[in-house]
Amino acid sequence: MIQLKELVKEEMSRDPMSTRVFDGVNGFQGTPEDYWGMPLELPQWLQDAHNRKSGRCFIFGTGPSLVEQKHLLHHMQQEETWTVNRMRHWEVLPFTPTVHCIAEPGPVMEWGRAINHVYDFPEALNRIAVNWWPVTAPGWLWCPKAPDDIQCRWEGYFGTGDFLPPIPTAWASPLTVGQVALWMGYTEIYLLGCDTSQEGQAWDPVAGRTARERNIRSILECAERAGRDVKRSGRKLMDCTPGGRLNREGALEYIPLEDVLEVTKKEAL
């Protein structure tokens with residue numbers, strides 16, 4: 001008999017977008033209504049933040065496409081902006097983020113009492129850690145995250161209603177934290193720097209790598225589900241990443257950043 005690992009290896013060799021995410025089904029049970037079986041309550045700050053915002057926000061990944069959009073980013077000083085992960089590495093960022101987020105457990109240290117400084121952005125007006133266990137690091141707010149077998153592509157994209165369970169992963173931090181932005185009331189979300197590639201960062205477009213190899217197929221499927229769910233709610237989730245895989249593969253609709261900002265054609269060159 002062919003062993004399961006051999007079948008997985010064969011599948012990965014046929015499909016370069018495929019990587020093995022889990023070693024097996026862990027039998028996790030639960031529904032959104034019972035918080036996926038997690039024994040916790042929604043933090044008070046999240047209850048208070050529900051629908052306190054409105055209008056649009058821009059959520060930044062750290063992809064190399066930001067370099068070619070650098071001349072437009074000074075407009076972000078007047079916008080609601082969210083950044084993720086190691087964005088503080090890009091020293092030319094011409095605005096202070098409204099919110100800086102992490103959405104993976106790797107940066108969380110000392111069981112939530114500290115955040116790895118590489119992923120921090122102390123100057124941001126607010127900092128949110130989306131994580132499986134509580135984060136109590138000074139200056140950070142904690143948003144509960146579901147275990148990674150609870151995924152947007154299967155369970156749906158949350159934040160547009162009046163109930164928020166621990167949020168499912170979307171396998172890309174900007175997409176994952178977009179659910180928090182929707183919960184807070186933003187009606188239009190525009191993604192930037194979401195190249196969805198294995199190499200290249202805004203601060204090192206050629207040699208920069210992601211901290212961990214991405215599961216491209218999972219990200220695309222989560223993005224497609226997110227776009228459908230957000231559209232059905234009457235809101236917008238669109239991609240402003242030139243050449244980004246989310247829009248090239250048709251997972252999200254592309255709109256040039258120049259069009260969103262309504263800048264002149266001369267400035268866009």
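Contact here means heavy atoms within 4.5 Å.

## Basis

The model is predicted, with local features requiring pLDDT of at least 70 and side-chain atom pairs counted only at pLDDT 80 or more, while totals for chains, interfaces and linings use all residues. Residues are numbered from 1 along each chain as its sequence is written, and side-chain values use heavy atoms, without hydrogens and water.

## Surroundings of Leu-175

Apart from neighbours within four places in sequence, Leu-175 contacts Tyr-157, Ala-170, Leu-191, Ile-219, Ala-223, Leu-237 and Leu-252.

## Nonpolar cores

A nonpolar core is a set of buried Ala, Val, Leu, Ile, Met, Phe, Trp, Tyr and Cys residues joined through side-chain atoms within 4.5 Å; buried means under 20% relative accessible area (1.4 Å probe, protein chains only). The largest such core has 48 residues, and Trp-82, Ile-128, Leu-175, Val-180, Leu-191 and Leu-237 touch the most other members. Among the elements giving two or more residues to this core are E3, E6, helix H4 (173-184) and strand E8 (188-192). Helices (H or I, at least four residues) and strands (E, at least two) are DSSP runs, numbered from the N terminus.

A separate second core holds 22 residues, including Met-76, Phe-95, Met-238 and Leu-257.

## Strand E6

All five residues of strand E6 (127-131) are buried. One side carries Arg-127, Ala-129 and Asn-131, the other Ile-128 and Val-130, and both faces are covered.

Strands pair if DSSP finds at least two bridges between them. E6 pairs in the parallel sense with strand E3 (residues 99-102) over three bridges, and Ala-129 in E6 stands opposite Ile-102. E6 also pairs in the parallel sense with strand E7 (residues 141-144), over four bridges; there, Pro-144 is the bridge partner of Asn-131.

Methods: Buried < 20%, exposed > 50% of the residue type's maximum accessible area, 1.4 Å probe, protein only.
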